[in-house]
Amino acid sequence: MSTQAPTFTQPLQSVVALEGRAAAFEAQISGSPVPEVSWFRDGQVLSTAALPGVQISFSDGRAVLRIPAVTAAHSGRFSVRATNGAGQATSTAELLVTVETAPPNFLQRLQSSTVRQGSQVRLDVRVTGIPAPVVKFYREGAEIQSSADFRILQEGDLYSLMIAEAFPEDSGTYSVTATNSSGRATSTAELLVQGEEAVPAKKTKTVISTSQVSQTRQTRVEKRMEASFQATSMMQMQVEGSELTQQLAHKTPPRVPPKPTSKSPTQASLVSKVTGVRQQSPSPVRHVKAPTPTPARWVELVYH
């Protein structure tokens with residue numbers, strides 16, 4: 001019976017595997033008599049005891065090494081050696097275990113909102129990424145540090161900014177960034193806190209006194225009083241004017257005294273008499289000058 005030294009008809013191929021996934025090396029070997037197969041990792045004999053979970057098999061000239069779930073510790077140089085009475089042969093390949101990566105992605109973005117002063121505010125985002133991203137909150141570009149007033153919470157992929165008690169000065173543009181080795185993502189929203197004209201000072205429970213009212217509020221009060229006074233004055237003027245009109249409409253004008261009657265004969269009567277005389281006597285007629293009528297007196301009416 002002839003002998004033949006081992007030969008790799010299909011040598012090992014290097015493998016790149018994601019962490020947590022399976023990885024396998026496979027080689028096809030021929031030789032006579034059937035060679036014995038041994039595996040090595042970085043020059044050290046590899047066995048199921050040395051590498052828990054590893055699966056090694058050799059059948060019909062096919063040598064297989066399989067790792068069901070690789071970790072970064074499995075990375076290295078793997079070799080398979082085939083030996084028989086005629087000789088030996090070795091094939092070597094690399095195993096590179098990598099961590100799966102994915103850039104940050106917002107499943108839930110920041111939402112703009114309007115709240116009343118004194119309300120509790122919660123700004124939520126859901127973000128994923130491999131590796132897990134580093135999440136930071138900002139207001140007007142300044143990073144927010146977790147404190148009693150502003151708490152930053154995380155529960156799985158949910159990240160929250162809690163504002164214990166919102167005040168008008170907390171209004172502004174809020175943003176959140178998520179960063180990992182594969183990239184960066186940002187979400188932005190607006191927060192509007194509506195305040196009152198007279199409000200408690202932040203972090204105190206004392207009410208602002210009258211002497212502490214702002215100049216702006218005083219100006220507003222003065223303007224309202226001035227507008228009210230002007231409206232009242234206009235109303236009074238309208239009422240007085242209406243009453244005066246009614247008084248004038250109902251006031252009886254004073255009686256005008258009759259024209260004094262002149263005892264002198266009028267021009268018409270004189271003419272009549274003269275005419276009668278002319279018709280009765282052909283004698284020359286004397287031309288009598290009629291007296292001048294007394295002019296009427298005009299009385300000026302004054303209405304009060």
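**Close-up views of a predicted model**

The protein chain exposes about 20900 Å², and carbon and sulfur atoms supply 53% of it. Accessible areas come from the Shrake-Rupley method with a 1.4 Å probe; for residues, only the protein chains shown count as cover. This is a predicted model, in which local features need pLDDT of at least 70 and side-chain atom pairs count only at pLDDT 80 or more, while totals for chains, interfaces and linings use all residues. Residues are numbered from 1 along each chain as its sequence is written, and side-chain values use heavy atoms, with hydrogens and water left out.

**Figure 1. Overview of the protein chain.** The secondary structure comes to two helices and 18 strands. Both kinds of element are DSSP runs numbered from the N terminus (helices: H or I, at least four residues; strands: E, at least two). Of the 304 residues, 25% are buried. Here buried means under 20% relative accessible area, exposed means over 50%, and partly exposed lies in between (1.4 Å probe, protein chains only). Among contacts between residues at least 6 apart in sequence, 63% join residues at least 24 apart. A contact means heavy atoms within 4.5 Å.

**Figure 2. The largest nonpolar core and isoleucine 67.** This core has 23 residues, and Phe25, Trp39, Leu65, Ile67 and Leu95 touch the most other members. Two or more residues each come from strand 2 (15–18), strand 3 (23–32), strand 7 (62–67), strand 8 (76–84) and strand 9 (87–98). A nonpolar core is a set of buried Ala, Val, Leu, Ile, Met, Phe, Trp, Tyr and Cys residues joined through side-chain atoms within 4.5 Å. What does isoleucine 67 touch, not counting residues up to four places away in sequence? Its contacts are Arg21, Ala22, Ala23, Leu51, Val54, His74, Phe78 and Leu95.

Figure 3. Serine 187 lies in strand 18 (residues 183–194). Is serine 187 buried or exposed? Serine 187 has a relative accessible area of 1%, so it is buried. A polar atom of its side chain lies 3.0 Å from the backbone nitrogen of leucine 110. Leaving aside residues up to four places away in sequence, serine 187 touches Phe106, Arg109, Leu110, Tyr174, Ser175 and Val176.

Figure 4. Strand 11 and strand 18 pair in the parallel sense over four bridges. Two strands count as paired if DSSP finds at least two bridges between them. Arginine 116 stands opposite glutamine 194 in strand 18.

**Figure 5. Salt bridges.** A search of the whole structure finds five salt bridges. Each is a side-chain nitrogen of Lys or Arg within 4 Å of a carboxyl oxygen of Asp or Glu. Glutamate 26 forms one with arginine 62, the closest N and O atoms being 2.6 Å apart. Glutamate 26 lies in strand 3 and arginine 62 in strand 7, so the pair ties together parts that are 36 residues apart in sequence. Glutamate 26 is partly exposed at 30% relative accessibility, and arginine 62 is partly exposed at 39%. Aspartate 124 and arginine 122 also meet through their side chains (2.9 Å, N to O). Arginine 122 is partly exposed, at 45%.

Aspartate 157 and arginine 126 meet in a further salt bridge (2.8 Å, N to O). This pair links distant parts of the chain, 31 residues apart: aspartate 157 is in the loop between strand 15 (150–155) and strand 16 (158–163), and arginine 126 is in strand 12 (residues 121–130). Relative accessibility is 26% for aspartate 157, which is partly exposed. Arginine 126 is partly exposed too, at 32%.

**Figure 6. The hairpin of strand 15 and strand 16.** Strand 15 and strand 16 pair in the antiparallel sense over six bridges. Phenylalanine 150 stands opposite isoleucine 163 in strand 16. The hairpin has two residues between the strands, and glycine 156 takes a positive phi near 65 degrees. Aspartate 149 is found in the loop between strand 14 and strand 15. Aspartate 149 is partly exposed, at 29% relative accessibility. Aspartate 149 and glutamate 165 are 16 residues apart in sequence and 7.3 Å apart in space, C-alpha to C-alpha.

Notes: Polar contact = N/O pair within 3.5 Å; in protein donor to acceptor, adjacent residues only side chain to side chain.
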